Amino acid sequence: MFRSDRPHHVRRPTPHETAEEWGGRIAAVRDAPSDWFFLVGRQSTNDYLCHLDLSYHLGREFIAIVQTSRPLPAEHRISSTTTPESQLDNFLINSDRFDFDPRNGRLPVVDGTSTGELRLDGTPVPVEIQHGSGCRSALIPELPGQSGYVIVTAPDEHWEAVSDLVLRAPTTF
């Protein structure tokens, strides 16, 4: 028999509490269609919130993910980074756009890259776009006025909508 000393009830922070803990501005789709909704995801390392995801959905369909990331403090002595390639793999598997079977270990493959642009607060930002299985992923390496980066990932058919981003204050969520 296994015994756990952990509390049986773990309180999860609300999206608003997560946004406040983040402190900086958060990347979001500027004009998401009205029938889309988003969920807030968080990834921490050593209790430091380093990645904040807004995953967009239409009903039960996973439409896109916009991840705002920031570097870990120097005293952590480790790093926690994501890349457009890893985010694309993650999106393809979680959106059921890639038939992943852990028994054969076959993972999605980036089909190629192209150049393009994302818009951030109305300003075009040149980016390299990773392509795979009818989806795209791109990185904005620097955020104005704060440290960190943004990765946007979505299917080709939704790329136009998600390639226009805005940095929002945490209080707007």
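How many aromatic pairs does the structure hold? In this predicted model, the structure holds 3 aromatic pairs. As a friendly reminder, a pair of aromatic rings is described by the distance of the centres and the angle of the planes.

**Phe38 and Tyr56**

- Phe38 and Tyr56 make a tilted aromatic pair, with 5.9 Å from centre to centre and 55° between the planes.
- This pair links distant parts of the chain, since Phe38 belongs to strand β2 (residues 37–45) and Tyr56 to strand β3 (residues 48–58), 18 residues apart.
- Phe38 counts as partly exposed, at 33% relative accessibility, whereas Tyr56 is buried with a relative accessible area of 3%.
- Together with Trp36, the residues Phe38 and Tyr56 form one aromatic cluster.

**Phe62 and Phe91**

- The ring centres of Phe62 and Phe91 are 4.8 Å apart and their planes meet at 50°, so this pair is tilted.
- Because Phe62 lies in strand β4 (residues 61–69) and Phe91 in helix α2 (residues 84–94), the pair ties together parts that are 29 residues apart in sequence.
- Phe62 is buried, its relative accessible area being 14%.
- Phe91 is buried too, with a relative accessible area of 1%.

**A charge over a ring**

- Have a look at Trp22 as well: the charged end of Arg70 sits over the ring of Trp22, 4.2 Å from the ring's centre.

Methods
Residues are numbered from 1 along each chain as its sequence is written. This is a predicted model: local features need pLDDT of at least 70, side-chain atom pairs count only at pLDDT 80 or more; totals for chains, interfaces and linings use all residues. Side-chain values use heavy atoms; hydrogens and water are left out. Rings of Phe, Tyr and Trp (its six-membered ring) pair if their centres lie within 6.5 Å; planes under 30 degrees apart count as stacked, over 60 as edge-to-face and the rest as tilted. Helices (H or I, at least four residues) and strands (E, at least two) are DSSP runs, numbered from the N terminus. Buried means under 20% relative accessible area, exposed over 50%, partly exposed in between (1.4 Å probe, protein chains only). A charge sits over a ring if NZ of Lys or CZ of Arg is within 6 Å of the ring centre and within 35 degrees of the ring normal.
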